[in-house]
Amino acid sequence: MDNNIGAKLRILRKAKGLTTQEVANKVNVSQSYISRFENGRAIPDIDMLEKVLTALETNLATFFSEDFDDPSEDFIQLMDTVKTLSPKARIKLNEFLKLMKDESV
């Protein structure tokens, strides 16, 4: 589980286009501290994990949700983009994705 946390943090950080140094700066810790989390050499306490997740524009509930069990960078980037769309644009995107899905079947 601990390595999974680190791997998920790394994927999330990369999907956000951030370096370990940039995340470290946002939470006022050293770059090596963030790196140790990602590499499974340290386990962040809940407060630090919450700070890191806030820096990565997410939260504990989302990070530990079932939908986030096996995240990929492209999926995270897609979800970030969708969050910025207007309701009308989301409807159009959903219609487009349904068409794409139907064509691939």
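Q: In which helix is the place of Met48?
A: Met48 has its place in helix α4, where a helix is a DSSP run of H or I with at least four residues, a strand is a run of E with at least two, and both are numbered from the N terminus. This is a predicted model, in which local features need pLDDT of at least 70 and side-chain atom pairs count only at pLDDT 80 or more, while totals for chains, interfaces and linings use all residues. Residues are numbered from 1 along each chain as its sequence is written, and side-chain values use heavy atoms, with hydrogens and water left out.

Q: Why is Met48 called buried?
A: Met48 has a relative accessible area of 11%, and buried means under 20%, exposed over 50% and partly exposed in between, with a 1.4 Å probe and protein chains only; Met48 is therefore called buried.

Q: Which residues is Met48 in contact with, leaving aside its neighbours within four places in sequence?
A: Met48 is in contact with Val27, Val29, Tyr33 and Phe37, contact meaning heavy atoms within 4.5 Å.

Q: What describes the crossing of helix α2 and helix α4?
A: The axes of α2 (residues 20-27) and α4 (residues 46-55) come within 9 Å and cross at roughly 115°; axes are lines fitted to C-alpha atoms, for helices over the stretch in contact, and angles run from 0 to 180 degrees between N-to-C directions. The contact is made by Val23, Lys26 and Val27 of α2 together with Met48, Lys51, Val52 and Ala55 of α4. These residues divide into five nonpolar, no polar and two charged, where Ala, Val, Leu, Ile, Met, Phe, Trp, Tyr, Cys and Pro count as nonpolar, Asp, Glu, Lys and Arg as charged, and the others, Gly among them, as polar.

Q: Which residues line the largest cavity?
A: The lining is formed by Leu9, Arg13, Val23, Ile34, Phe37, Glu38, Val52 and Leu56, and α3 gives the most to this lining, with three residues. By class, the lining has six nonpolar, no polar and two charged residues.

Technical notes
1 Å grid on protein atoms, 1.4 Å probe; cavity = no way out; pocket = protein on both sides within 12 Å on 5 of 7 lines; lining within 4 Å.
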